[in-house]
Structures are given as C-alpha cells and as structure tokens.
Amino acid sequence: MAKMTVQLASLPVKESYLTLEEKSGEVSITSLPYKTVGEQNSRVAITSAQVQSSKKIPHVTYSVVHAIPGRLRLRVPRLRNDQDYGQRLQTLLEADPLVTTVKIKPAAASLVVNYKANAVTDAKMRSRLSCLMIAASDPGIVLLNPKKASPQEEEKPWPGMQLSVLATGLAVLGGPLGVAVPPIVTAGTIALATLPVFKRAVDGIVKERKLSIDFLDFIAIAITTVQGQFLTPSLMLSLIEIGENIRDRTARSSKMQTLDLLGSLGQFAWVERDGEKVQIPIQQVLPGDTVIVYPGEQIPIDGTILRGKALLDEQKLTGESVPILKKQGQSVFASTLVREGQVYILAERIGNDTRAGQSIKLMEEAPVHDTRMENHATRIAEIAVVPTLLLGAAVFAVTRNPVRVASILTLDLCTGIRVSIPTTVLAALSYAARQGILIRSGRALEQLAEIDTIVFDKTGTLTQGEVAVIGVDSYSPEVANDRILAIAAAAEQRLTHPVAEAIVRYAEAQQVVIPSRRKWDYKLGLGVKAEIDGETVYVGSERFLRQEGVDMEALNGNGQKATSVIYVASNGKLQGKIRYSDILRPESREVISQLMTVEGVEVHMLTGDNKRTAMTVAAELGIAPAHTHAEAFPEQKATVVRGLHEQGKTVAFVGDGINDSPALAYADVSVSFAHGSEIARETADVVLMQNDLHGLLEAIAIARQAKSLIRQNTGIVAIPNLGALLVAVLFGLNPLAATVVNNGSTIVAGVNGLRPILKQSPKKALPAER
C-alpha cells in the first residue's frame, strides 16, 4: 500500500492534510483535522464532505512541457474534457502557499504554475503538484473560496490616535481660535479617545489589583473635561497615544514562527518495507521502520544503525565541527548530515520526540516576556500614582477648588516618562539597525544594558565553524613541508571530507603545485591511498597507516597531540603530518578580552565538543576552565543558562545552531548571526547582520547609552513637574499652565531621546577577506 500526504501549509494560512491511500487500484482520500499555524490573517479551508471517502479515482496523467526555476508548464489531458476537475485543481493550487499564480487553459490541456523558487526545489514542487492533481480528482472534496468563507476578522485597533488628534483640533478651534464648536461634540470626542485609557485603568484595578498610571490619567482627563478645559485633556490624550504607539513599536518586531523540525528536514524519506525500498512523506515514518539515508541527505529520525557506515556531520546538533564516523550499533540523530557512506537505521524516535525536536520543544516552553520596555523609570512613575492622588485629595479638602486638584493631577511624572522613554528606545533600535544590529524589542535593549554574564557557543560563534589547516610538519629532513602538503592535497583532491577540502584549500592558498593523482582508493573514516609521481602515498589517521604497514617509528616519544592531525606517508614510511582545527574567528580574542576587562562581564563557553578541544580553545581565549562547559547537548546548554540566571545573573547567550535554540530561549538576552539557523534567528532577541562579534560590543554600547539617556530624560521630566507641583499646592496653578509645563518637559525629553538616531554613523572598515 502506498500512502501519500498532501500538506497545504505556510504562515499565515490554516493547515490541512489530505491523506491518499492506494490499495488494489483504489484511492482513499481522508481529510484530517486542521492544524492551525501562526496568525490567521487569511484562511483557506479544504474539507471533505465525508470523514473518509473511498472510491476509484481516474488516473491523472500529465507531462512537463517546460520548466525553469519558479515556473512549470504541464500538459494535463483531463483538463480538456473535465471542467469540474479543472475548477477543483485551480482552487487547490491557489490555496497552496508555495504557488504564486495559476493559469489553466482547458482547450490546450495546459496548466502553468508559478511558485516560490526560493522556498522549494523544482523536484519537490513537481512531486507536490502531482499529489494535488490526484487530490483534485475526488468530487467529494468541497473547496471553500476564502473570500466566500466567513473567516474571523482580525480585531481592528481602536483609532485612539486619530480621535485624540481630532479632539485637540476641536479644542483649539473652540478655544484660542474662537470658532463656535458645540462643547458636546468636543467632550464626546474626548470621551471616545479616553476609552483605551479607561479600559487599561479598569484592568489595572481588576486584574493587577493596583491603581495604575492610566487611572491617574483618567481622573485628570475626567476632571478637566467636566470643567470645560478641553485643550488640557486633549493634549494629554495625544501625548499618551504617541507614547503608546512608540512603545508598541519597541515590541518584538517579528513574531516567532511555529517551528517545525520535520519542515527543515525535507519532504520525503526512504524506508524499507516488505523487502522493498519505498519513498514516503517524512511525516509517515513510524518507529520500527528501517530508514535508508544516502550521501548528502539529512537523517530524519533518531535511531540505531542496523548496517552500513557513514561519515556524519553533527555540527548542526552538537556543535562538533569535524564529521564523525558511525557504524553498526551506534546511535544517530535527526538533523545530522550524511557526508559520505550509506546507512540503514532502525527508527526509534520521530518528529518532536527526537533530540532535535526536543530542542525545539525546550525553546517553545521557555518563559515568554513582555517585549515592551519595562524599566525602573516606569516603575517609579507608578509608585507616584497613589501619593499624587492623596495630595490632590488633601488640596481639595483644604481649598475645595477642583481647578487646583486638576492642576496637581496634570503635573504627574507619568505622561512625560511614557513618551520620552519609548522614544529613546525606538531611536536606539533604529540606530542599531543602521549599524547592522537588529535588536528586536525594547526589553532586549534594556536587558542588554544590564548583562553581567555572557555565554558563548563555540563552533560557528567563537570559531569559524569549518576545518582549516594550521600547520604542516615534516618528519624527514630530506622532505620539505611543501612536498608533504603537495602530495597530501593530490591524494585528497575531489574528496568531500571537510579535512580533505581544507588541505586542498590550504595548498592552493600556499600556491603549492599539486601533482596529478593516478589510482586511488578511499576508505571511509580512515584515509586514502593513491599513486602520485610513481610513489604510493597514504594520507589518513594513525590507525589507517599502521593497517597499511607504514613504519610509524617517527611518532615515538611525541606524546599526546594538542591538535587534530592527519598523517602523510609514502613508500611505506611516515613523512609528516598536517595539523588542522576549527580556527577562531579573527575578532574572537579581542572581543572576549574587551568584554572581560573593559565591560566587566563574566564570560562562559558552551560546546558539544570533547573536553580536551574545549579547554584548548578556552585557553586561547583566556576563558577560565571553570567557565568552560564541554560535551553539552541542547538540554544541558539550557540547564547551564538557567543555572546562571538562578544565581541572580543577567545572562546573554550567543549561538547560531539548532543545538543553541533552547539556551537562546532561556537567556535574558539571546544573540545570533544572520547566517545562523532559522530556529536560532527566530529565537534571538539580537541578530548581528554582519556576522562579526564586534557587533555584540556595539550593541552593548548602544544599550548602555540608551539607559543613560533614559536617566537624563527622567530628570528632565521630574524636575520641572515637581517644581510646578509645589507652586500648584502652595499658590495654585491654572490647569492650562500645568499642561504647558507637563507637555513642554515631555517634548524636551522626547527630543533628547532622539539623539541616537540623529548621531552620525561612524565609518566602518571593510572586513578583511578570509
């Protein structure tokens, strides 16, 4: 029985599955329950009239007339004489989020599909279209046009800004300009504009059990409106709305997508069933299946190798930069890449039950913070709410003058802080973006200014994430280092092993003449034997050379190697070695040194590498052994970050792989690179677009400058308002004058907060080519 799933899903479209089961010439189409993904801005519903219908569906034949990336033209004979089928197929294709346009010409039996070439390969798109053409054959499928369906409309935002501006305009016309505007119209507009403030005030009392800034604002607006002082409340409302809008803009700018591990592993997998190899959708792989993985493919499940051997690149999951040879009986994990070899794997865990899937689950279970700015100044303002109300009540009790009370309530610190601080944050975020640093929220900026501990992933973050040759040593005075490098590069050329590629790259960079290679024999996980210039050359591990009978006497007394090495021999004698490593980024030492000495930050390093390699790299960077955590899988990385956080530290984590995503999610501030994995980028609060660690230092500097400006702005708002408040209590102050002082200080603080965005960007040196 062949089984195939047609999945129509991509944000923000609602997701459904059509399962096609073929047995004895019949196709059974099952419509599975919907799975909602992300926001529901638009919906396309594909349902079935029955829960499960089983019928014989006519065979759909087609041929590819023309194909280029992003466009396919097919000839489908059935379109010529089955109008209903054409309509069903067109609606199905239009519902597919990968398809951009569809053109069907029944007379020519022609189907032209334009699709997102950057999102799917040509082969996978053909397979997808084939599935949809079969699905469209079922007359029982009901296709709902999204325009005719009744989707839930998104809640439209309350036009608070427009209403407050309108109220201010009416107040100016009816006041200073003397235009005859009915007071009921102005008051009504103010009342409508005040609804969001009233709602927040009630929520604060009911849900948070406290009198909030919004409650104080509402009382001040209500008193001045009742007194007919329309300009005062309308100006206050305008400033409140400006502050709220800017504050919302400092929230995380890109909503995190629902991350699906299976979606990143490809659409199909080969399994062995009933003695035959069958390619099935990856969602249909079951525990107990024998999964076959070929060179260049990602392993889709966690399991144990039944037979075969392969060189596995586990960097995406463990951070280990050098591929590992795995054989029968050893465990393998989803998302790792088969560089060379072929393996048959017993599937034990699939989907979100795999180690990579658990990483995503850990990330999704991490605490979700309000991404808007939450800072000490706002908290101080909220603390002032009750004393301000009590002061107003005392003045009213003594003077019985509501005008003086209105002045006192108007002269609060809240409005100025609510406008100036978000303005400062927005300016800092904009300036950072101009420097190639994406800081996604006001909260991230605030936390970045407070960090005292930074945890770095090693591979791809502190290092370049790829193997590089760091030295060549000859064991024989008659053989030069260049000759060792030349014959090694000749033997390794055109092999796909990362070390082989690194040796060839290094030889080319050193402008070494690489001789030609004749017969050669590569042994997976060991090395290569080749005939070069009439010599039999061996390049590989010590074990490989000993197996081939090479004299390894030159190694005696050399002791433990501090770096990874590959040996080179010719005519049965060891000639030399090539040292290689995942080398550090050029800027890593400088950045780590500055973080520890200038910024006073405690630096930790986490890696999935073995302890010896981790300690070697940490020593090069000056990171203490106690702060170096080796052989750490994703869940252990998250545990380390949580542990530091529980010690009262403000923790930033810097990483770029699937294995880093849980730690990124649990950190106070998470930092990744533009070239990092999609999961890491989506999880990160800060993305360094230029893939340079210097951006981290600049991000911290920007955050700390913003914190300094916020303190300045708090003083700019507080000093004049407290002075005017003293005058209002002792001598009385017109509410309009109080509004001028309050709003004037707010505007000055707001302009001061714009300093980062007005600052001239420093000219940056171009990064050196590597």
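Student: Which residue lies over the face of Y344, and at what distance from the ring centre?

Tutor: The residue is R307, which lies over the face of Y344 at 3.8 Å from the ring centre. In this description a charge sits over a ring if NZ of Lys or CZ of Arg is within 6 Å of the ring centre and within 35 degrees of the ring normal. The model is predicted, so local features need pLDDT of at least 70 and side-chain atom pairs count only at pLDDT 80 or more, while totals for chains, interfaces and linings use all residues. Residues are numbered from 1 along each chain as its sequence is written, and side-chain values use heavy atoms, with hydrogens and water left out.

Y344 belongs to strand 17 and stands opposite I292, a residue of strand 13 (residues 290-293). Helices (H or I, at least four residues) and strands (E, at least two) are DSSP runs, numbered from the N terminus. Strand 13 and strand 17 (residues 337-349) run antiparallel and are joined by four bridges; two strands count as paired if DSSP finds at least two bridges between them. Strand 13 also pairs with strand 11 (residues 268-273), again in the antiparallel sense, over three bridges. W270 is the residue that stands opposite I292 there. Both faces of strand 13 are covered, with T290 and I292 buried on one side and V291 and V293 buried on the other. Buried means under 20% relative accessible area, exposed means over 50%, and partly exposed lies in between (1.4 Å probe, protein chains only).

Rings of Phe, Tyr and Trp (its six-membered ring) pair if their centres lie within 6.5 Å; planes under 30 degrees apart count as stacked, over 60 as edge-to-face and the rest as tilted. Two aromatic pairs are counted by this rule. F198 and F218 form a tilted pair, 5.1 Å from centre to centre and with 50° between the planes. This pair links distant parts of the chain, since F198 is in helix 4 (residues 183-206) and F218 in helix 5 (residues 213-226), 20 residues apart. F198 counts as partly exposed because its relative accessibility is 38%, and F218 counts as partly exposed because its value is 24%. The rings of Y538 and F544 have centres 6.3 Å apart and planes at 65°, so this pair is edge-to-face. Y538 and F544 are both buried.

The nonpolar cores give a wider view. A nonpolar core is a set of buried Ala, Val, Leu, Ile, Met, Phe, Trp, Tyr and Cys residues joined through side-chain atoms within 4.5 Å. The largest one has 47 residues, and I439, L445, L448, I454, F456, L595 and L696 touch the most other members. Helix 23 supplies the largest share of this core, nine residues. Beyond residues up to four places away in sequence, L445 touches V425, A428, L429, I439, I702, A703 and A706, where contact means heavy atoms within 4.5 Å. In soluble globular proteins, nonpolar side chains tend to be buried together.

Helix 23 (residues 694-730) also holds N713. N713 counts as buried because its relative accessibility is 0%. Its side chain makes a polar contact of 2.9 Å with that of T424. A polar contact is a pair of N or O atoms within 3.5 Å; within protein, one must be able to donate a hydrogen and the other to accept it, and residues adjacent in sequence count only if both atoms are side-chain atoms. Leaving aside neighbours within four places in sequence, N713 is in contact with S420, T424, A749, N752 and G753.

As for the chain overall, it has 25 helices and 30 strands, and 49% of its 770 residues count as buried.
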